[in-house]
Amino acid sequence: MGESVWMYYFGVLFIAFKVNLSRAIVLDSIYWNTTNTKFVPGQGLVLFPQIGDKMDIVCPRVEGEGGGEGVEYYKVYLVTREQLDKCYITKQDTPLLNCIKPDQDVKFTLKFQEFSPNLWVEFYRGKDYYIICE
C-alpha cells in the first residue's frame, strides 16, 4: 500500500510539473519594419507575455544587394517609460538588436524570465517594459 501511494504522489507531481512547463509559449515573431501593420500609430504594439514565454524580434530583410532604396536599418533598445514617451536613448543603453545587415536573416529571441544567467535582460511579473528603435 505504501509503495502505491508513493507512486500516486509521484504521478501527480509529474503531471503538475508537466502542466506548469507547458504554459510557456512561443509568441508570434515581431517583424521590426515600417510595413508591419501590428504597430498601431500612437500606441505601438502592446503584448502581454507571461514568464517563460519566448518571442523573436526580426530585422527587416531585402532580397539582393543591400543599400538600395527602401532598405531599413535599426538599433532596437529596451528603455524606460520616460524614454519611450520622449523618444530618446542614452549612451548607456545597449541595443537588443542591430538591424544593420538587410541582406541577412537577423533576429533576437527574448525569453521572458526573472533570472537570466547569460543575458542582461530580466523580466519581472507585473512590470511594464518598452522597446524602441533609432
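Ala, Val, Leu, Ile, Met, Phe, Trp, Tyr, Cys and Pro count as nonpolar, Asp, Glu, Lys and Arg as charged, and the others, Gly among them, as polar. The model is predicted, so local features need pLDDT of at least 70 and side-chain atom pairs count only at pLDDT 80 or more, while totals for chains, interfaces and linings use all residues. Residues are numbered from 1 along each chain as its sequence is written, and side-chain values use heavy atoms, with hydrogens and water left out.

**View 1**
A pocket is found on a 1 Å grid over the protein atoms alone, as an open set of points with protein on both sides within 12 Å along at least five of seven lines; a cavity is a set of points where a 1.4 Å probe fits but cannot get out, and lining residues have an atom within 4 Å of a point. Points are joined across faces, edges and corners, and a volume is the space filled by probe spheres set on them. The largest pocket holds about 1,200 Å³ of space. Its lining has 37 residues, and those closest to the pocket centre are Leu 45, Val 46, Tyr 129, Tyr 130 and Ile 131. By class, this lining has 26 nonpolar, 7 polar and 4 charged residues. At least two lining residues come from each of β2, β3, α2 (81-86) and β6 (130-133), where helices (H or I, at least four residues) and strands (E, at least two) are DSSP runs numbered from the N terminus. The largest share, 4 residues, is supplied by β6.

**View 1. Val 46 at the pocket.**
Val 46 is among the lining residues closest to the centre of the largest pocket and lies in the loop between β1 and β2. With a relative accessible area of 44%, Val 46 is partly exposed; buried means under 20%, exposed over 50%, and partly exposed in between (1.4 Å probe, protein chains only). Val 46 and Tyr 130 are 84 residues apart in sequence, yet their C-alpha atoms are 9.4 Å apart in space.

The structure has 1 cavity of 30 Å³ or more, and the space in the largest cavity is about 30 Å³. Around the largest cavity stand Cys 59, Pro 60, Glu 72, Tyr 73, Cys 99, Ile 100, Lys 101, Pro 102 and Val 106. This lining is made up of 7 nonpolar and 2 charged residues, with no polar ones.

**View 2. The largest nonpolar core.**
A nonpolar core is a set of buried Ala, Val, Leu, Ile, Met, Phe, Trp, Tyr and Cys residues joined through side-chain atoms within 4.5 Å. The largest one has 17 residues, and Trp 32, Met 55, Ile 57, Leu 96, Leu 97, Leu 110 and Val 121 have the most contacts inside it. β2 (54-58), β3 (74-79), β4 (95-99) and β5 (107-111) each supply at least two residues of this core. Leaving aside residues up to four places away in sequence, Met 55 touches Leu 27, Asp 28, Ile 30, Leu 47, Phe 108, Thr 109, Leu 110 and Phe 112, a contact being heavy atoms within 4.5 Å.

**View 3. The open sheet β1-β2-β5.**
Three strands form this open sheet in the order β1-β2-β5, with mixed pairing. One side of β1 (30-31) and one side of β5 are left without a neighbour in the sheet, because each stands at an edge with a single partner strand. Two strands pair if DSSP finds at least two bridges between them. β1 and β2 run parallel and are joined by 2 bridges; here Tyr 31 is opposite Val 58 in β2. β2 and β5 are antiparallel, with 5 bridges, and Met 55 faces Leu 110 in β5. In β5, Phe 108 and Leu 110 make up the covered face, while Lys 107, Thr 109 and Lys 111 make up the uncovered one. In a regular strand the side chains alternate between the two faces of the sheet.

**View 4. β3 and its two partners.**
β3 is largely enclosed by the rest of the structure, because 5 of its 6 residues are buried. β3 pairs with β4 in the antiparallel sense over 4 bridges, and also with β6, again antiparallel and over 4 bridges. Tyr 77 stands opposite Pro 95 in β4 and has Ile 132 as its bridge partner in β6.

**View 5. Cys 87 in its loop.**
Cys 87 sits in the loop between α2 and β4. Although it is not a glycine, Cys 87 has a positive phi of about 55°. Most residues other than glycine have a negative phi, and most peptide bonds are trans. Cys 87 counts as exposed, at 59% relative accessibility.
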